[in-house]
Amino acid sequence: NTQCVRGTAEHYAVKGHLSFTNGHVVLGLYDTQAAWEFLERQPLAVTLQRQRQRIILPGLPESIFAIENTTGMKPRTGDIALDIRNKNIVIFCRDEEPSVDFIPIGHVIGGMKYLLQTEGRFEGYLTKHGKEEVHEETM
């Protein structure tokens, strides 16, 4: 059985930063095995792709997608999820319909306006910060 979760949280287990040419965002990540597996690969230079109303981070190892049994969410603008069907990370640029193809791992808690201005392919640099309680900031 899959459990549908909403993809939101008041507190985040860890935060990270994604820097790119025209700005940076602060990522709040949930205390889930999928989020921690992703964070273990930081710091990381990445190529991201704006595809319609999503920012896509492709090319992740299969091991990241096999560890979480909670799938399904109703994505909201700024939500971050593993896409188990396409094997990539997605940052949502608008609210979307519920789907069982996503594992929620976090939310953009600062700088979403910069991501909304991106187009096509762009380079980014992901870094993590230590385990700490992180509260959502106003964007």
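User: Where does T118 lie?

Analyst: This is a predicted model. In it, T118 lies in the loop between α3 (112–116) and β8 (121–135).

User: Is T118 buried or exposed?

Analyst: T118 has a relative accessibility of 10%. Because the cut-off for buried is under 20%, T118 counts as buried.

User: And what does T118 touch?

Analyst: Leaving aside residues up to four places away in sequence, T118 touches F20, R50 and I55. The side chain of T118 also reaches the backbone oxygen of L115, at 2.7 Å.

User: Which backbone oxygen does the side chain of H107 reach?

Analyst: The side chain of H107 reaches the backbone oxygen of G78, at 3.4 Å. H107 has its place in strand β7, and with 4% relative accessibility H107 counts as buried.

User: Let us step back. How many helices and strands are there?

Analyst: The protein has three helices and eight strands. Along the sequence, their pattern is β-β-α-β-β-α-β-β-β-α-β.

User: What share of the residues is buried?

Analyst: Of the 139 residues in the protein, 50% are buried. The accessible surface comes to about 7,200 Å², and 46% of that surface belongs to carbon and sulfur atoms.

User: What share of the contacts joins residues at least 24 apart?

Analyst: Taking contacts between residues at least 6 apart in sequence, 69% join residues at least 24 apart.

User: Which residues touch the most other members of the largest nonpolar core?

Analyst: They are L18, I80, I89, I105, V108 and L115, in a core of 29 residues. Helix α1 (residues 33–39) gives the largest share of this core, five residues. A second, separate core has six residues, including I56, M73, A81 and F92.

User: Why would such residues gather inside?

Analyst: In soluble globular proteins, nonpolar side chains tend to be buried together.

User: Take I80, then. What does I80 touch?

Analyst: Not counting residues up to four places away in sequence, I80 touches L27, L29, I89, V90, I91, I103, P104, I105, G106, H107 and V108. H107, discussed above for its place in strand β7, is therefore one of the residues that I80 touches, given that contact means heavy atoms within 4.5 Å.

User: What about I84? Where is I84 found?

Analyst: I84 is found in the loop between β5 (79–83) and β6 (88–92). With a relative accessible area of 24%, I84 is partly exposed. I84 and I103 are 19 residues apart in sequence, and their C-alpha atoms are 7.3 Å apart in space.

User: Now the charges. How many salt bridges does the count come to?

Analyst: The count comes to two salt bridges. Side chains of opposite charge can pair when their charged atoms come close.

User: Which residue forms a salt bridge with E96?

Analyst: R54 does, and the closest N and O atoms of this pair are 2.6 Å apart. The pair links distant parts of the chain, 42 residues apart: E96 is in the loop between β6 and β7 (102–110), and R54 is in strand β4 (residues 54–57).

User: A last topic: confidence. What is the mean pLDDT of the protein?

Analyst: The mean pLDDT is 81, and 80% of the residues reach 70 or more. Among the elements, β4 has the highest mean pLDDT (95) and helix α2 (residues 62–65) the lowest (66).

User: Where does pLDDT stay under 50?

Analyst: It stays under 50 over residues 1–9, for which the model has 25 contacts beyond four places in sequence. It also stays under 50 over residues 131–139, where the model has 32 such contacts. Where pLDDT is low, the predicted coordinates should not be read in detail.

Terms used. Residues numbered from 1 in each chain as written. Heavy atoms only, no water. Helix = DSSP H or I, 4+ residues; strand = E, 2+ residues; numbered from the N terminus. Buried < 20%, exposed > 50% of the residue type's maximum accessible area, 1.4 Å probe, protein only. Areas by Shrake-Rupley, 256 points an atom, 1.4 Å probe, with all protein chains shown as cover. Core = buried A, V, L, I, M, F, W, Y, C linked by side-chain atoms within 4.5 Å. Salt bridge = Lys/Arg side-chain N within 4 Å of Asp/Glu carboxyl O. pLDDT = per-residue confidence, 0-100. Polar contact = N/O pair within 3.5 Å; in protein donor to acceptor, adjacent residues only side chain to side chain.
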